[in-house]
Amino acid sequence: MPNPTSVDLTELSTSLGGSRRLSGHLARREGVGPWPGVIVVHEALGVDDVMLRQTERLAKAGYLTLMPDLFADGGIRRCLVPTMRAATSGRGRAWADLEAARRTLADHPDCTGRVGIIGFCMGGSFALVAAGRGTFDAASVNYGLLPKNAESDLAESCPVVASYGGRDRMVKGTAAQLEATLMRNGVPHDVKEYPAAGHSFLNDAENAPRWLRPLTRISGIGPEPESAADAWRRIEAFFAQHLTDS
C-alpha cells in the first residue's frame with residue numbers, strides 16, 4: 001500500500017499569494033510511472049487518518065495523488081472559517097494553495113500532466129468550483145455545496161462525477177440541481193444520490209471528535225459502506241475515462 005510522504009509547497013504557494021506555510025501529502029503506487037495526477041481536498045475536519053487513507057486509495061488505483069493541508073498555516077481554529085468561505089466564493093488564499101499543489105503535481109516527473117481533483121465535504125465544494133475554472137481534467141465532488149452562480153460558474157466545467165447522501169440535510173436537493181445544471185451546460189457527468197447515506201458516507205471510519213460522535217450518529221453523519229463501495233466504483237471508472245491518455 002502506498003504511504004503518503006510529506007512535501008513542502010511553501011515557496012510556490014507564497015509566490016502565488018497563498019499561505020506563508022503550506023505542506024502536503026504525496027502518494028504514489030508501486031512501480032514505474034508516469035501516472036495521471038489527482039489533487040485531494042480534505043474535509044472541514046482537516047488532514048487526518050481517514051483523509052490520508054483516501055489519498056492512499058487513489059494512489060493504489062493508479063494515480064499520483066497530492067493532498068495539500070489547507071490548515072497548515074495557522075491550524076484549524078484560525079483557518080477553518082476563512083477556508084470554508086473560500087470554498088464556495090472562489091476567492092481567498094486557499095485557492096492559491098490549491099493552485100500551488102496542482103502545479104507541483106502537473107510538473108512532477110511521475111505525472112502525465114493530466115490532473116483531476118477530488119474533494120470531500122468542504123473539499124467537495126472546492127472541487128466543484130474548481131471544475132469550472134479550466135485547470136483540471138476531471139472532478140469528483142462528494143457532498144459539496146453548489147456555488148451561488150452555478151449556471152455560469154460551471155458553463156465551461158470539466159467532466160464531473162458527484163456523489164451525495166439522501167439523508168444529508170446539509171446538501172438536500174443539491175444532487176438534482178447539480179445534474180440539471182451540468183446537463184444544461186452539456187458537461188459530461190455522473191451524479192448520484194444514495195438514499196441510505198448521510199454526510200461523509202465515503203469515510204471508512206468515524207473521524208469526528210469523540211465528544212461529538214453521539215450527535216453525528218443521530219444526524220446520520222459517517223460511513224455507509226454499501227453506498228461508499230458503489231461511489232468509489234463510479235469515481236474510479238470516471239477518472240479512468242477522463243484522466244487516462246487515449
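Residues are classed as buried under 20% relative accessible area, as exposed over 50%, and as partly exposed in between (1.4 Å probe, protein chains only). Helices (H or I, at least four residues) and strands (E, at least two) are DSSP runs, numbered from the N terminus. The model is predicted: local features need pLDDT of at least 70, side-chain atom pairs count only at pLDDT 80 or more, and totals for chains, interfaces and linings use all residues. Residues are numbered from 1 along each chain as its sequence is written, and side-chain values use heavy atoms, with hydrogens and water left out.

Helix H5 (122-131) is mostly covered, with 10 of its 10 residues buried. Among them are Met122, Ser125, Phe126 and Val129. These four residues also touch Ala87, as does Trp95; residues up to four places away in sequence are not counted, and contact means heavy atoms within 4.5 Å. Ala87 is found in helix H3. Its relative accessibility is 1%, so Ala87 counts as buried. Ala87 and Leu145 lie 58 residues apart in sequence, but their C-alpha atoms are 8.8 Å apart in space.

Strand E3 (residues 35-41) is likewise mostly covered: seven of its seven residues are buried. Two strands pair if DSSP finds at least two bridges between them. E3 pairs with strand E5 (residues 111-120) in the parallel sense, over six bridges. Ile39 has Ile117 as its bridge partner in E5. E3 also runs parallel to strand E4 (residues 64-68), joined by three bridges. In E4, Leu66 stands opposite Ile39. From E3 the chain crosses through helix H2 (residues 49-60) to E4, in a right-handed β-α-β crossover. Right-handed means that, with the strands pointing away from the viewer, the path from the first strand over the helix to the second runs clockwise.

A right-handed β-α-β unit is also made by E7, helix H7 (residues 174-184) and E8. Strands E7 and E8 (residues 189-194) pair in the parallel sense over six bridges. Val161 has Asp190 as its bridge partner in E8. Ser163 is found in E7 (residues 160-165). Ser163 counts as buried because its relative accessible area is 1%. Its contacts, not counting residues up to four places away in sequence, include Tyr143, Lys192, Tyr194 and Arg234.

Pockets were located on a 1 Å grid over the protein atoms alone. A pocket is an open set of points where a 1.4 Å probe fits, with protein on both sides within 12 Å along at least five of seven lines; lining residues have an atom within 4 Å of a point. Grid points are joined across faces, edges and corners, and a volume is the space filled by probe spheres set on the points.

The largest pocket has a volume of about 540 Å³. Of its 30 lining residues, Ala44, Cys121, Met170, His199 and Ser200 are the closest to its centre. Helices H3 (75-89), H5 and H8 (213-218) each supply at least two lining residues. H3 gives the most, with five. By class, the lining has 19 nonpolar, nine polar and two charged residues. Ala, Val, Leu, Ile, Met, Phe, Trp, Tyr, Cys and Pro count as nonpolar, Asp, Glu, Lys and Arg as charged, and the others, Gly among them, as polar.

The second largest pocket has a volume of about 200 Å³. Its lining has three nonpolar, five polar and four charged residues. Arg91, Arg133, Lys148 and Asp153 are among the residues that line the second largest pocket.
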